[in-house]
Amino acid sequence: MKDGTGIVTMDFNFFKTEALLVTGLGILVGLFIYKAVRRCFRNPESESTEDDLELSPMCHRPEGLEILQEQTKFNRKELQILYRGFKNECPTGLVDEEMFKQIYAQFFPQGDASTYAHYLFNAFDKDHSGSLNFEDFVTGLSILLRGTLNDKLNWAFNLYDINKDGYITKEEMNDIIKSIYDMMGRGTYPTVPMSAPEEHVDKFFQKMDQNKDGVVSIEEFMQACKNDENIMRSMAVFQNLQIS
């Protein structure tokens, strides 16, 4: 939620009833789309219907519209809108981790979004290049907005699997969830107790680690998520979001 100043606040009674595993994805989608797209509507030059992807003088030249339409579930008009916003925010065509963190910091000034932004950046930076281009951006958004349930859960698992060994440890889950609490900071209501992150980790890990071997596999993760009504409800929040 945003208050009158544009700062994100969160009623924690709502926050704790939604699956934290998926809340992170919702925050990412909602804020980044808002940040990347909103300025293109305020810039008259951005209203051109010409194919910006073909004319861009950026340092990184993205793939053409036809290729991106094949690689994502966005149509031509949606890709143009997303690209104009991305170009306005990132004139070079590349977003490094520091810029990514700055974007999040603007929405969460009452907390510390840097650690959470770091994890999200790594989840988008599939080739570990240290920067995100437009293809990375729209490919990730396509999964989160238009992907199948398995696509979204795979993406979420990758976010929590920090060291990319194919398993989520309790420590990794704690790091991610703690970073979400740190990001919300004083923006949560009522005030979040210091023990809240560990309590959430204990609850979710116990539910997911079905064979009690101390780690959560992709199969365990998917099964536990699919059996949780809150997670399934959260997954559908952005399903019908229109980019227009």
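Is D228 buried or exposed? At 10% relative accessibility, D228 is buried (under 20% relative accessible area; exposed is over 50%, and partly exposed lies in between, with a 1.4 Å probe and protein chains only).

The model is predicted, so local features need pLDDT of at least 70 and side-chain atom pairs count only at pLDDT 80 or more, while totals for chains, interfaces and linings use all residues. Residues are numbered from 1 along each chain as its sequence is written, and side-chain values use heavy atoms, with hydrogens and water left out.

**View 1. Salt bridge between D228 and K207.** A salt bridge is a side-chain nitrogen of Lys or Arg within 4 Å of a carboxyl oxygen of Asp or Glu. The structure holds six of these. In the pair of D228 and K207, the closest N and O atoms are 2.7 Å apart. The two residues are 21 residues apart and link distant parts of the chain: K207 lies in helix α11 (residues 196-208), and D228 in the loop between α12 (218-226) and α13 (229-235). Helices are DSSP runs (H or I, at least four residues), numbered from the N terminus. K207 is partly exposed, with a relative accessible area of 37%.

**View 2. Salt bridge between E97 and K101.** The closest N and O atoms of this pair are 3.3 Å apart. Both residues belong to helix α6 (residues 97-107), and because they are four residues apart there, about one helical turn separates them. E97 is partly exposed at 21% relative accessible area, and K101 is partly exposed at 23%.

**View 3. Salt bridge between D182 and K178.** Here the N to O distance is 3.0 Å. D182 and K178 are four residues apart in helix α10 (residues 170-184), which means a separation of about one helical turn. Relative accessibility is 31% for D182, which is partly exposed, and 40% for K178, also partly exposed.

**View 4. Crossing of helices α8 and α9.** The axes of α8 (residues 134-146) and α9 (residues 149-160) come within 8 Å and cross at roughly 125°. Axes are lines fitted to C-alpha atoms over the stretch in contact, and angles run from 0 to 180 degrees between N-to-C directions. The angle makes α8 oblique to α9; oblique covers what is left after under 35 degrees (roughly parallel), over 145 (roughly antiparallel) and 65 to 115 (roughly perpendicular). G140, I143, L144 and L145 of α8 meet D151, K152 and W155 of α9 in the contact, defined as heavy atoms within 4.5 Å.
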